[in-house]
Amino acid sequence: MKLTLKIWRQKNAKAKGSMQTYNISDVSPDMSFLEMLDVLNDSLIEKGEEPVEFDHDCREGICGTCSLQINGEPHGPDRGITTCQLHMRKFKDGDTIVIEPFRAAAFPVIKDLVVDRNSFDRIQQAGGYISVNTSGNTQDANSLPIPKEDADMAFYAATCIGCGACVAACKNASAMLFTSAKVSQMALLPQGKIEASERVLAMVDQMDKEGFGNCTNTGACEIECPKGISLENIARMNREYLKASVK
Ligand code: SF4
Ligand code: FES
């Protein structure tokens, strides 16, 4: 396949970025999207040019670091997958592909396609944990009876990989889907109920401080989420927040 790539290039956080055009050939439909970028970078290095910086680690949909806006969609045109799981067979010979970083005020660009998502870490640090008594009398977690439905819903919420596609998809750059998944995975389990009130208040407060927008129920986040995190989590977080606020 021969492709035209229009890629956001930005030297550093302070520099003014712009779209640059690259022509690439010999792309196999079996390559992953990131392998295609590797081919481009090899050719740029051979020519003595700066390779395109992009985030990646596991390349198997687990770590959440790959984060590209591809033809206007976070993680590209496929559903239920991350950028690293996207294959070039989703595109046609001769296509033009526009590649940008995830855009949000709370995700400032570091370089080219790499954004700073530490704001997500700070939301987690605000309350995304449980306190466990390790005095020697710790109860075996397996001895706590948990209804199957609650265990399943907590598990689904816990599959959020913190990629940020929900923020990039939202016209308000809202982080409600991410934050609600992190709140839900604990609010549903007995271990998480002890600090539930402080947790939801602190995490929502941090989310607002980071500059993420509010949720207006558009639902783009759920559609673009590679892990299928449900909007039900946002409803649960809102209920948890209301309960905690009137206590
Ligand atoms: S909710 Fe989905 S889109 Fe948002 S950070 Fe988690 S996995 Fe990524
Ligand atoms: S590189 Fe880890 S999810 Fe894509």
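Student: What classes of residue make up the shell around ligand 1?
Tutor: This is a predicted model, where local features need pLDDT of at least 70, side-chain atom pairs count only at pLDDT 80 or more, and totals for chains, interfaces and linings use all residues. Residues are numbered from 1 along each chain as its sequence is written, with chains lettered from A and ligands numbered from 1 in the order in which they are written. The shell has eleven nonpolar, two polar and one charged residues (Ala, Val, Leu, Ile, Met, Phe, Trp, Tyr, Cys and Pro count as nonpolar, Asp, Glu, Lys and Arg as charged, the others, Gly among them, as polar).
Student: And which residues come nearest to ligand 1?
Tutor: Of the 14 around ligand 1, Cys160, Cys163, Ala165, Cys166 and Cys225 do (near means a C-beta atom, placed from the backbone, within 6 Å). Helix H4 (165–169) and helix H5 (176–187) are the elements giving two or more residues to this shell, and H5 gives the most, with three. Helices (H or I, at least four residues) and strands (E, at least two) are DSSP runs, numbered from the N terminus.
Student: Switching topic: what is the strand order in the open sheet?
Tutor: The five strands run S2-S1-S5-S3-S4, with mixed pairing (two strands pair if DSSP finds at least two bridges between them). S2 (18–24) and S4 (73–74) are the edge strands, each with a single partner, so one side of each has no neighbour in the sheet.
Student: How do S1 and S2 pair?
Tutor: S1 (residues 3–9) and S2 are antiparallel, over seven bridges. Leu5 stands opposite Tyr22 in S2.
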